[in-house]
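This briefing covers salt bridges, a chain interface and a ligand site. Please have the structure open while reading.

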Amino acid sequence: MLEIKDLHVKAGDKEILHGINLKVKAGEVHSIMGPNGSGKSTLAQVLAGRESYEVTAGQITYEGKDLLQIAPEDRARLGIFMAFQYPVEIPGVSNTYFLKAALNAIRKERGEEEVDALDFLNLVKEKMELLKIDEKLISRPVNEGFSGGEKKRNEIFQLAVLEPKLAILDETDSGLDIDALKVVAHGVNSLRSKDRAFIVVTHYQRILNYIIPDYVHVLYDGRVVKSGGKQLAIELEKKGYSWLGEETVSAQLVN
Amino acid sequence: MPTETKQIQDLASQEYKYGFYTDIEADSIPAGLNEDVIALISAKKNEPEFMLEWRLKAYRHWLTMKEPKWPNVHYPPIDYQGIVYYSAPKKKDSPKSLDEVDPELLETYRKLGIPLGEQELLAGVAVDAVFDSVSVATTFKEKLAELGIIFCSFSEAVGDHPELVKQYLGSVVPYTDNFFASLNSAVFSDGSFCYIPEGVRCPMELSTYFRINAKNTGQFERTLIIAEKGSYVSYLEGCTAPMRDENQLHAAVVELIAHDDAQIKYSTIQNWYPGDDEGKGGIYNFVTKRGKCLGRNSKISWTQVETGSAITWKYPSCILLGDNSIGEFYSVALTKKRQQADTGTKMIHIGKNTRSTVISKGISAGHGQNTYRGLIKISKSATGARNYTQCDSMLIGDQCGAHTFPYIEIKNSTAQMEHEASTSKIGEDQMFYCQSRGLSAEDAVSMIVNGFCKKVFKELPMEFAVEADRLLSVNLEGSVG
Ligand SMILES: Nc1ncnc2c1ncn2[C@@H]1O[C@H](COP(=O)(O)OP(=O)(O)OP(=O)(O)O)[C@@H](O)[C@H]1O
Ligand SMILES: [Mg+2]
């Protein structure tokens, strides 16, 4: 589904990602872990098409297409969704209105009719129950005045309504209390399918107890320094990240 | 951001869709202004003597005045002798019913999306259509008359209800008020008149659509609305004009009078031709609008959505005379291309416990310049007066400007004032958030802007809120390549 090859990314004058390689197949869940500032969000945003990052080398293919040639809205329409680490407020625009416009844009791309008002309402209701989200939140303006946890939950609610093929969760777990975490994880798990892939960016092994990844990758200073199974997450939780740093440094020294 | 810059550059290139011109035979007088011209206008309209006298007083006063230079707008000098002060679609007699209205005119209004046949009308909206200088059709007149409501063109009111006109004309905006109001008083040719008798709640929206068609013609209309004790009326005004290379002057006057417990809600959707990308052509919209809350517990609300005109210059205001009276001003002003707007309100608190609310949303794109200018005046007598002002500006791109000039005069220490102001840019983060959900950049801009204006739109009558929303989106079209 997704293949990233030797991806180099700059923000401003600074290179942040120094050659990332990653392959994600449909049905898989990949977790990306790594210390603050290692470039996790940068990678997530580049996948979603943020143009403030400059890709200086490398390729990304998504379903056989050159993703870097595709505008962000078209990526969304082709089934890519990123849950933001810092969801953005859009004052005065109701959540439902926003979601309906998004859903219709995606449906249009697929050659489908605009969603019928009643069907939309039912869909929203169903997903609201799935994520135990309050109706009041849904009718309020997008993220305006939402608490940190509410914003995160709203991202997953959007994900559930839009049903993307590739979902990227950027630290959705930070800021969620333990009950909310379970609800969100349950929501994500119920969306898991053989046609859908997830990239779960996180600092904590905790969420991976609920959303069990097939692969764990460690991003350190703009490079994937280690990949493994879910065991790796547990190991990281115990030892932290610094030993990986030493490992790469010593590996470089040996070379 | 490359896309953002592009959007901004393209924002100017939106087409004006009401720019067509109707080829209709007009009865126009030669350009220029003097006492004879005024007498001619008055004669063409068969006015009683008092009207001509009033016009001439206004004209003589106007001659002593200078064009104001204080607004934050720039334009070349206007040649007042180059303007045609009267132009009317030619007709034998004034039409008795819609069937007698020139089909060409009806077609024009249909193109504008304003059907004048009563059966085609939006249920619950009565329309007065003003073409160049005269009212061409007023709908639902009989139905309203059953309730004692008078809704007709200004000329008809002068003929049929001279006592009301005499009593109220100039009572809120005197002919000496300001340069453009004086000019209007001298030469105004028509407009709408509306009288709601005591205790009557007007059952439908009353609306006037203004259209400037003829070349080099100024439009000087006058609207007078009187709401007697305990009555209610909601009134809407819409405006369009053909695309022309020359600037055209629109200097209107609106006077509202609310007696005890009466309420007037006045909404404007102004979409005059804004001029082209280089700032050539477009309407100069220099308008004086003022309401007087004469009675206790009376209320006047102004809601305006200003998207057109090369230059907009107006301050719909409220004089809060009656105790406990309320004044409100809700405004959205969008400037793009080379448009300039200097708009805001004046709330003059005189009565006790008078309250006012001002919500202004200015949006600037392209090379647009948007100025909010507002005065809150609390007189010595206005014990317990309160005002809330919120004044927000949004910038799209970096070649436009937003300016705020709030003036506050307080002569009574019991006054409570609250003022909030903000300036924001459409953030790259907001744009990206919308786009990452599948919305095109264009839809994202229009959604963010509409959200920004929500507080004002919700004050508009339902049908028109939808129209305003659409108008804003259309005006922001071309914001992305
Ligand atoms: N626009 C930018 N200009 C300069 N530096 C940037 C820019 N965006 C990101 N960076 C830097 O790139 C590095 C990686 O940032 P990124 O947000 O991807 O980290 P992260 O792994 O998501 O961290 P966290 O765990 O704290 O969320 C950081 O050092 C950050 O300061
Ligand atoms: Mg991050």
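In this predicted model, A:E89 and A:K151 form a salt bridge, with 3.3 Å between the closest N and O atoms. The pair links distant parts of the chain, its two residues being 62 apart. A:E89 sits in the loop between strand 6 and helix 3 of chain A, and A:K151 belongs to helix 6 of chain A. Over all chains, the count of salt bridges by this rule is 23.

**Interface of chain A and chain B: extent**

- The contact involves 33 residues of chain A and 21 residues of chain B.
- The size of an interface is often given as the accessible area lost when the parts come together.
- For chain A and chain B, the buried area is about 2100 Å², and carbon and sulfur atoms give 63% of that area.
- On the chain A side, A:R50, A:E51 and A:V88 lose the most area to chain B; together they account for 24% of what that side buries.

- Two salt bridges are found across the interface of chain A and chain B.
- A:R50 takes part in a salt bridge with B:E428, where the closest N and O atoms are 2.8 Å apart.
- A:R50 is also among the three residues of chain A that lose the most area to chain B.
- Residue pairs in polar contact across the interface number 11, counting pairs with both residues at pLDDT 80 or more.

- At least two residues each are supplied to the side of chain A that touches chain B by helix 1, helix 2 (72-77), strand 6 (80-83), helix 3 (95-109) and helix 6 (148-162) of chain A.
- Helix 3 of chain A gives the largest share of that side, six residues.
- By class, the side of chain A that touches chain B consists of 21 nonpolar, six polar and six charged residues.

**Ligand 1: contacts**

- There are 15 residues around ligand 1, and A:G37, A:K40, A:S41, A:T42 and A:H203 come nearest.
- Polar side-chain atoms lie 2.5 Å from an oxygen atom of ligand 1 in the case of A:T42, 2.7 Å in the case of A:K40 and 3.0 Å in the case of A:Q85.
- Ligand 1 on its own has 640 Å² of accessible area, of which the protein covers 66%.

**Ligand 1: shell**

- Strand 2 (14-24) and helix 1 (40-48) of chain A are the elements that give two or more residues to the shell around ligand 1.
- Helix 1 of chain A provides the largest share of this shell, three residues.
- Helix 1 of chain A also supplies at least two residues of the side that touches chain B.
- The shell around ligand 1 contains four nonpolar, eight polar and three charged residues.

Methods
Residues numbered from 1 in each chain as written. Chains lettered and ligands numbered in written order. Predicted model: local features only at pLDDT ≥ 70, side-chain atom pairs only at ≥ 80, totals over all residues. Heavy atoms only, no water. Near = heavy atom within 4 Å. Polar contact = N/O pair within 3.5 Å; in protein donor to acceptor, adjacent residues only side chain to side chain. Areas by Shrake-Rupley, 256 points an atom, 1.4 Å probe, with all protein chains shown as cover. Helix = DSSP H or I, 4+ residues; strand = E, 2+ residues; numbered from the N terminus. Nonpolar A, V, L, I, M, F, W, Y, C, P; charged D, E, K, R; others polar. Contact = heavy atoms within 4.5 Å. Buried area = accessible area lost by both parts, 1.4 Å probe. Salt bridge = Lys/Arg side-chain N within 4 Å of Asp/Glu carboxyl O.
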